[in-house]
Every structure is written in structure tokens, then in C-alpha cells.
Amino acid sequence: MNGDLIFSGLFLRALLAGGGLALACGLLGVFLVLRRDAMISHGLSHVAFAGVALGLALNLMPVIFSIVVCLVGSLLILKLKQAARLPGDTAIALLSSGGLALAVFLMSIKKDFGAELMAYLFGDILAIAPSEVYLALGLAVVVTAGILLNLSRLVFMTFDREAALVSGLGLGRLDRLLVMMTAMTIVLGLRIVGLLLVTGLTVIPAASALQLARNFKQALLVSSLFSLLSILGGIVLAYVFNLPASAAIIFLALLIFILSHLLKR
Amino acid sequence: MIMEDKTEEIIRVEGVSFAYDGVPALVDINLSVHRGDFLAIIGPNGSGKTTLLKIMVGLLKPKQGRVWLFGQPLEAFKHWHKIGYIQQKATNFDPIFPISVAEVIAASLNSVSRPVKTGRRQVKNKIMGALQTVGLETEAGKPMNSLSGGQQQRVLIARALATEPEILLLDEPTTGIDYPSQENFYDLLGKLNKQERLTIVLVTHDYGIVNRHVNRVACLNQKLVYHGEHSEFCQSDRFRELLHGGHHLISHRH
């Protein structure tokens, strides 16, 4: 490999943004999987699509629009789940179809989205701009800090919701925190692996970690490590072999899952 | 050491009624729990035992009536660390959940708001102290899902004890646990009640196994059929009715 390429700004930026995303996905994923909330991130990625389409249609920063739309969407999912007495993931299906419909509608108004839109659907980490790296790192710091500062409360709530409720924990606040951090992680993943594959990143490393971990600390550490390995490894593979980075990242994550599962046996 | 005050009312349930979608589950319940009590709430299936316990800890809101905790109306009560609660089938947690015994206790201990912030070393000491009380100090590092049902139940007791509660409320805590482990478990509760003066409220359908530990009984069948001293209860007509009525309130193993 050409040494100049390794240290090129492009590549370093990709690694930096990827590392931030990896940490956020690794930590958050453990909670999403254990709470049976994996589909929330899938639903929110479709909602984020509407934000991207809105931003592109107005020629304003699509990422900022997706953050706002996704945060609102995440709170709506939570509200619908509680208020409308909808079973399971029905609320998520409602919101994600709504998001997708809005995106399709916006695309029909302005027809020449072309390559720009593709970059959000499938990710294009090797073309990430410096300003997007800062945003990605900022979001990663917010998500990581949000989880680590509330770690005990989140573990207590996820493990034994009823006891946590009686102990006087404000579970509504914690539910909102988790779902809003999921929204931010989805947006963080937009440019890196794309809307269509970001769910995989929030779920697969955590699922792999759960095959092996004997305690919660291990689960968080191993999940973050697997997430980091998939993203950074995927970026390197993509760079060296000229592959789509998002595909390489998800393949690597899946390979780790298969190996973890075999190791568990 | 908690100040001994037999008259202090820890829980007061006042005229509480509850219904699930219009079907009455509890009708005009009046009941109080005093410091040092070991109260068994008994009654047949569907008699409202769990509903009453859930109302006492604020998980369900009564349709009528009020609940007072430590002399305060439940809605205004803030000192939740004084209350330890173990729900029905508490050991039916997610078997894939990766969590060690010490982590189960730490998560609760670090979450519960207490007047004084506890340091890391203190938290560790409290965890080990609580595990010692339930006889599981050697299992601290083990994954929760590798323990037996009886051991898991003890861990949940340790979790409740670690926050130094003044009252423990348990709902059918030994469902699915083998008989010798059940006896050990109730001996532990009896010891906590007598030696540590911990107030205990226990919902159970098997009165036989707990009757040597409890001092008060509330017999429920949507209405409160009996509420008073255990010794008087054993001589009451109600007890004989239950004994012959096939309510399975009394263990036949004794």
C-alpha cells in the first residue's frame, strides 16, 4: 500500500469519524439488543431518510436536518408506544413508513438528487468532509458520555424495570435519553455506512458480544471492540481493495458474529 | 440502629379499591403495616394480592382510596431507598443478560438516590456485606444466569438489602424454587425480621411454609377478610374455613 495514501487526510478523517461511530454503536447496541429495541434503530434510519431528503431539497445541510427529524421521530416512537397502546414494534412501523413516504414525496419534487442521495443511502466514508468529521466526533462524545454517565441507571432499568421503577428512578427520562441517543447514532452513521446499513452497526457488534460476555462490563467492552474492529477494518479493506466501505464494514461485523457464535459453542 | 418504635406506621392503605377494565380486583381495603411487622398477605388466586402489593409501592394507582408511606402520601413520597421490592417471577429475567452477581447489586446501589453519596470502596463493601448476609459472598463475580433459582432469589434480596431499606415487600418470591431452598429462604427472611428488625410484607399462597415466621396476617379475597395477629388468625373460623375450603392456602407438607 502506498504510504502517502495511508496518511492522507481523507483516510485519517475516515478513521477518526469511524472510530467515534464505533464507540457510540458498541455501547448503545448492548442496550438496544437487550431491550429488544433493535428495530427502533431500523425505523429511525428511515425517518432520518426524510431529514436527508428535506435537506437536499432545500439545499441546506442534510445531516443537520436529519438530526432534528430523527430526534423528533425518536420521541414520537416512544410516545406512540406508550400512549396508543400499540403492541411491539407497530409504532416503529408507523413512523418508518411515514418517514419513507415523506422522503419519496420530497424526491419527486426535486428530481436531480442523484449521487448525493446515494451517498446517504449507502454511505461514503472515504469522501467525508472535515466539518462532518467534527460533527461525527461531537455526536460520538455526546452519545458515549450520555451512556457512561447514566450507566448504573440504564443497567438497572434494562435488567429489572419494575424494581427500578419502585426504587424511584425516573424511567421516562432514561427511555427518552436512550431513544434520543439512538437517533444521534443513526445520523452519525449516515455518511459512514449509510441509512440502509446503519442498523447493522448498532446491532451486530452487540449481538456478537452477547455471545461471549459473562458480565455487563465485558459486554460493553467487547461490543465496542468488535464495533471498532469492523469499522476500522472495513475502512482499511475498502481503501486497499477499492470496495464499498459500508459493505466491507457490515461483512466484517457479520464475520465477527459468526466467529463469536462458534466460539461460544 | 433504627430507633425501635412499634407504633410507627410504615404503610397505611386507606379505603383502596381497584378494578381492571371495570372488573373489581380490590374493594375498600384498609390495612396498616407497623415497624417490625412480618405480614403475610394470603388469599386464593385472583384475590388481588399482587394488585394490593403493587398499589403499596406505587406501581398501580388505586381507583379509590389512598396509600401512605412513612406517614407521607405516596404521591409525595421521595425516600424510595427505604423500600425494597421484589416482584413476582423476579428470577425470570432474560437468560442471555450478561451480568454478574456484584453488578446486579451495584446497578441498583449506584442508581438509588440517597442523602449521602457513596464512594466506590463503600459501594464494594456494601455489596459484599449484603452478599454475606444471604450467604453468597463467594459468588460475587459469577454470572447471574449461572446460579440456581434459589441463589438468584437470594441475590435479589441482597440487592434490596444493600440500599439499607426499612421495609421489604415480596410477591410470591419462591415460585419455581425447590422446597428445601424455599425453607432456607424463609428462614433468612425470619432472621432479618427478628435480628435486624426489618419490616417485611410477603404475598404468598403457601401459608404453611411461612407461618412460623410471620406475626401478622392479611387474608384477602378482593375484600380484606381478616387482618390481625397470626396467633389469633390460627384460632379463627376463617382459618378453619380456609383449611377445609380447598383454597390451597396451607401447605400440606407439614
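Predicted model: local features only at pLDDT ≥ 70, side-chain atom pairs only at ≥ 80, totals over all residues.
Chain B contains an open sheet of four strands in the order β2-β1-β4-β5, and the pairing is antiparallel. Its edge strands are β2 (23-34) and β5 (72-73) of chain B, each of which pairs on one side only. Strands of a sheet pair through backbone hydrogen bonds, in either a parallel or an antiparallel arrangement. Within this sheet, β1(B) and β4(B) run antiparallel and are joined by five bridges. R12(B) stands opposite W68(B), a residue of β4(B). L69(B) has Q72(B) of β5(B) as its bridge partner. The hairpin formed by β4(B) and β5(B) has two residues between the strands, and F70(B) adopts a positive phi near 50 degrees there.

Strand β2 of chain B includes L26(B). The relative accessible area of L26(B) is 1%, so this residue is classed as buried, the cut-off being under 20%. Leaving aside residues up to four places away in sequence, L26(B) touches V16(B), S17(B), F18(B), S47(B), G48(B), T51(B), L52(B), I55(B), L220(B) and Q222(B). One of these contacts, V16(B), is ten residues from L26(B) along the chain, with a separation of 7.2 Å between the C-alpha atoms.

Positive phi values also occur at two loop residues of chain B that are not glycines. D21(B) has a phi of about 50 degrees and is placed in the loop between β1 (9-20) and β2 of chain B. Its relative accessibility is 76%, and D21(B) therefore counts as exposed, for which the threshold is over 50%. E164(B), with a positive phi of about 55 degrees, belongs to the loop between α4 (149-162) and β7 (167-171) of chain B. E164(B) has a relative accessibility of 44% and is thus partly exposed.

The largest nonpolar core comprises 129 residues; L131(B), M144(B), I157(B), L170(B) and L189(B) touch the most other members. Helix α2 (residues 9-34) of chain A contributes the largest share of this core, 14 residues. Another core, of 32 residues, lies apart from it and includes I10(B), L74(B), I167(B) and V203(B). In soluble globular proteins, nonpolar side chains tend to be buried together. For L131(B), the contacts beyond four places in sequence are V101(B), I105(B), L136(B), E137(B), A140(B) and A158(B).

The second largest pocket has a volume of about 480 Å³. Its lining consists of 23 residues, and those nearest the centre are L34(A), R35(A), M157(A), T158(A) and R161(A). At least two lining residues are supplied by each of α4 (62-83), α8 (151-159) and α9 (161-166) of chain A. By residue class, the lining of the second largest pocket contains nine nonpolar, four polar and ten charged residues.

Conventions: Residues numbered from 1 in each chain as written. Chains lettered and ligands numbered in written order. Heavy atoms only, no water. 1 Å grid on protein atoms, 1.4 Å probe; cavity = no way out; pocket = protein on both sides within 12 Å on 5 of 7 lines; lining within 4 Å. Points joined across faces, edges and corners; volume = space filled by probe spheres on them. Nonpolar A, V, L, I, M, F, W, Y, C, P; charged D, E, K, R; others polar. Core = buried A, V, L, I, M, F, W, Y, C linked by side-chain atoms within 4.5 Å. Buried < 20%, exposed > 50% of the residue type's maximum accessible area, 1.4 Å probe, protein only. Contact = heavy atoms within 4.5 Å. Pairing = 2+ DSSP bridges.
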